[in-house]
Amino acid sequence: MEILKESFEHNQDARKTIQRLTFDVKRYQDKIKVFVDSNFVEILNYHGNTEFLVEEGEKLTREVDDVMQNTAMEAKSELYAASEELKTVLEDLEEIKVGCMCSQKLLKISELFDNLEAAKSENEYLLVMDLIGKLKTYLEDPTDKILPKLECFSKIKLKYHIENEMLIHDLTKQFEKLIQFNEKAFQNTKAIILKISKDKDELSDILVALFNVRYNPQNICIFLLESCFEPIITKPVSITENNEDPNFFSLTLSYSLKDLGSNLRPRYSMVLHNLEKLFLWLNHMNIEILENVNVFQKLSEHVKEQLLSMILKDCFEYAVPETIDEMENSTLVEDIKKFNSFLLEQQIISENDKELLNYSENIWNFFQVKFCKNVFESAVEIMHKDLHEMVSVGDKGLASASNLPFLFPQCMVSRTTLELINLMEKVLRQSTNTNENTHFLKTVSLIMNKYLTEVPSYHEKLLQEIPQETALFHNNCMFLAHWLSKNNECEKYQLIQTSLQTLGTEHFMSQVKNQKTQIASILKEFQISNATTSIDQEPKRRVLQSLRQLDLLKNVWLNILPEIVYDKTIKSLLNDLCSDLIKKIMILEDISTVVGNELSEIIGNVLERGPKLFTDPLQANKVKYWSKLNQLNTVLKSSLIQITELWCEGKGPLTQSFKAEEVKHLIRALFQNTDRRANSLATII
């Protein structure tokens with residue numbers, strides 16, 4: 001009973017204390033509400049004193065804590081067992097405490113805003129930044145579930161954002177006074193004037209404050225990239241430093257606005273020198289803005305990627321040597337590594353940024369690619385040159401190289417073919433100077449494969465219409481194939497060699513076919529409709545025109561093609577002429593003596609001029625229908641008895657070219673139907 005009585009007394013005392021505290025806290029919260037309404041709901045300045053409110057709130061909080069502690073320590077177990085009501089009392093105390101602390105937080109936020117105004121009036125930007133940081137801590141406290149639910153919270157947060165934006169704006173304005181980046185454009189040139197304040201303390205305060213309020217340096221980074229770094233990398237730039245101004249360090253960059261082309265592109269050593277000079281000067285603003293974080297590191301986040309890309313693409317790619325000698329004497333690899341170290345020292349890049357080092361390690365590969373790319377482009381330019389300028393190649397007196405694979409018959413090739421070979425030999429010479437020659441050998445294959453398509457396409461019309469161009473192209477292909485056979489470093493060359501030979505042959509045979517078609521078209525008008533008196537001039541003119549066409553081809557091809565190719569081609573053309581002429585005469589049903597003599601005269605022109613088309617007139621005897629044309633000419637001039645004797649019962653010379661029916665047909669056409677003709681025909685069997 002004594003314990004229950006004592007617990008009851010404790011219970012009664014606690015309830016009285018809580019009732020008093022509840023009344024005091026409610027009265028205190030009413031004061032805070034008036035204060036909040038005055039400051040945040042209407043967003044007006046409160047002109048009263050907030051210190052007594054803060055003190056009163058702290059006193060109430062302490063009293064609540066004391067009651068809770070005393071209650072917990074003296075009667076927790078007994079009271080809990082004796083009365084559930086006291087448990088409710090403790091919960092009420094906890095709620096009162098939270099409300100009191102929330103009221104205190106509102107007062108502290110107000111006090112921070114007051115201090116903020118005072119700091120702004122004195123231009124104490126670091127203090128302003130610190131106060132805004134504390135405000136942010138209160139407003140973004142993840143453990144506070146009450147403050148965000150208050151009606152005044154949105155107004156307080158709005159005021160915070162306004163103050164934060166005003167701070168950034170003011171800091172930016174001060175920053176632009178202390179660090180001035182300007183440009184002046186003239187008619188043909190541009191001057192970039194950079195100025196940095198010599199007042200290090202003020203500059204440090206502004207930069208520290210600015211970057212701590214999440215300043216975005218994008219504009220200044222874009223200016224540096226476009227107006228400073230890019231011109232230094234791509235153009236000749238004059239850099240002048242001026243420190244006479246007592247308030248500012250000054251640097252001026254001047255460069256031309258004209259498109260100077262690649263010829264006036266600065267050497268990579270000058271580019272690196274100017275970039276280092278610019279970064280060293282910019283160190284005047286490279287202040288530590290956070291612990292172990294400086295301005296360069298912040299700027300690097302925005303410029304590093306583009307800067308490195310420009311240096312690699314617009315500087316080092318042009319600096320890669322073009323010949324083995326240049327490569328051996330180049331210090332590019334060492335210079336890149338030194339520049340990488342410089343950027344590391346300046347904290348423009350970090351140890352994880354390997355772009356420059358990776359590039360330096362692959363310079364040899366880049367050299368091969370560049371060298372071969374330049375060679376390939378030069379090769380294509382050569383392929384586009386005219387084919388008709390020619391030079392003599394091959395071994396004099398060698399008609400064919402079929403049995404002597406390392407010799408080539410004398411002929412003419414385009415001068416561009418020798419240029420192309422000289423270019424490819426340059427590639428092969430480079431390949432012999434290094435063990436890594438795969439790319440060089442591959443380039444020769446690429447050039448030759450390009451030749452197979454580019455030359456026929458680019459010179460298509462001339463190759464179709466001009467016999468000289470076709471003959472030269474034929475020789476070019478054969479000579480290139482011959483050159484490859486002497487430099488057959490890989491199996492791919494063998495395939496290209498065959499392709500070249502096929503390509504040259506196909507184009508030349510196409511031209512030969514075209515010439516045959518032209519001659520056939522000329523002879524198409526060779527028409528003798530069983531003329532009994534005389535042949536008009538048209539058949540004679542057609543044959544002479546065909547012979548002139550062959551003469552023209554002789555003038556074009558004789559000194560261009562290898563002798564064996566030329567003679568073989570003329571044989572084919574002359575053979576078609578002989579065959580066509582024989583057919584046109586053999587179909588005649590009636591040939592008078594006058595017509596026979598005229599036909600003999602026409603054939604005589606062919607027999608006279610044909611041998612002159614060859615390098616050796618005796619080559620005409622190898623024409624398939626040459627003997628038959630000769631014998632036809634003999635028959636046209638012979639008597640019936642002579643023809644019979646030439647046949648000689650199937651044992652005479654006529655039998656070499658004519659069949660019995662052909663001879664009979666000629667006898668019937670040449671001679672009238674008499675007993676003598678009948679007797680003669682009877683012997684032709």
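Author: E662 has a relative accessibility of 22% and counts as partly exposed. The cut-offs are these: buried is under 20% relative accessible area, exposed is over 50%, and partly exposed lies in between, with a 1.4 Å probe and protein chains only. K628, at 12%, counts as buried. This is a predicted model, in which local features need pLDDT of at least 70, side-chain atom pairs count only at pLDDT 80 or more, and totals for chains, interfaces and linings use all residues. Residues are numbered from 1 along each chain as its sequence is written, and side-chain values use heavy atoms, with hydrogens and water left out.

K628 and E662 form a salt bridge, 3.2 Å from N to O. The term means a side-chain nitrogen of Lys or Arg within 4 Å of a carboxyl oxygen of Asp or Glu. The pair links distant parts of the chain, 34 residues apart: K628 sits in helix α22 (residues 626-637) and E662 in helix α24 (residues 660-670).

Now take E538, R541 and R542. Salt bridges with shared partners join these residues into one network. In the E538 and R541 bridge, the closest N and O atoms are 2.8 Å apart. Both residues lie in helix α19 (residues 537-557), three residues apart, so about one helical turn separates them. E538 is partly exposed, at 27% relative accessible area. R541 is partly exposed too, at 37%.

By the rule above, the count of salt bridges comes to twelve. One of them joins R415 to E389, with the closest N and O atoms 3.8 Å apart. R415 is in helix α14 (residues 415-432) and E389 is in the loop between α13 (363-383) and β7 (390-393), so the pair ties together parts that are 26 residues apart in sequence. R415 is partly exposed at 40%, and E389 is partly exposed at 46%.

Next, the strands. β1 (residues 179-185) and β2 (residues 189-197) run antiparallel, joined by seven bridges. Two strands pair if DSSP finds at least two bridges between them. With three residues between them, β1 and β2 form a hairpin. F181 has L194 in β2 as its bridge partner.

L194 turns up again with F249. F249 belongs to strand β4 (residues 248-256) and counts as buried, at 16%. Beyond its neighbours within four places in sequence, F249 has contacts that include L194, K195, W281 and H284. Contact means heavy atoms within 4.5 Å. F249 and K195 are 54 residues apart in sequence, yet their C-alpha atoms are 5.5 Å apart.

The largest cavity holds about 80 Å³. A cavity is a set of points on a 1 Å grid, over the protein atoms alone, where a 1.4 Å probe fits but cannot get out; lining residues have an atom within 4 Å of a point. Its lining includes L224, F229, M285 and S300. α9 gives the largest share, four residues. The lining divides into nine nonpolar residues, one polar and no charged.

Definitions and conventions:
1 Å grid on protein atoms, 1.4 Å probe; cavity = no way out; pocket = protein on both sides within 12 Å on 5 of 7 lines; lining within 4 Å. Points joined across faces, edges and corners; volume = space filled by probe spheres on them. Helix = DSSP H or I, 4+ residues; strand = E, 2+ residues; numbered from the N terminus. Nonpolar A, V, L, I, M, F, W, Y, C, P; charged D, E, K, R; others polar.
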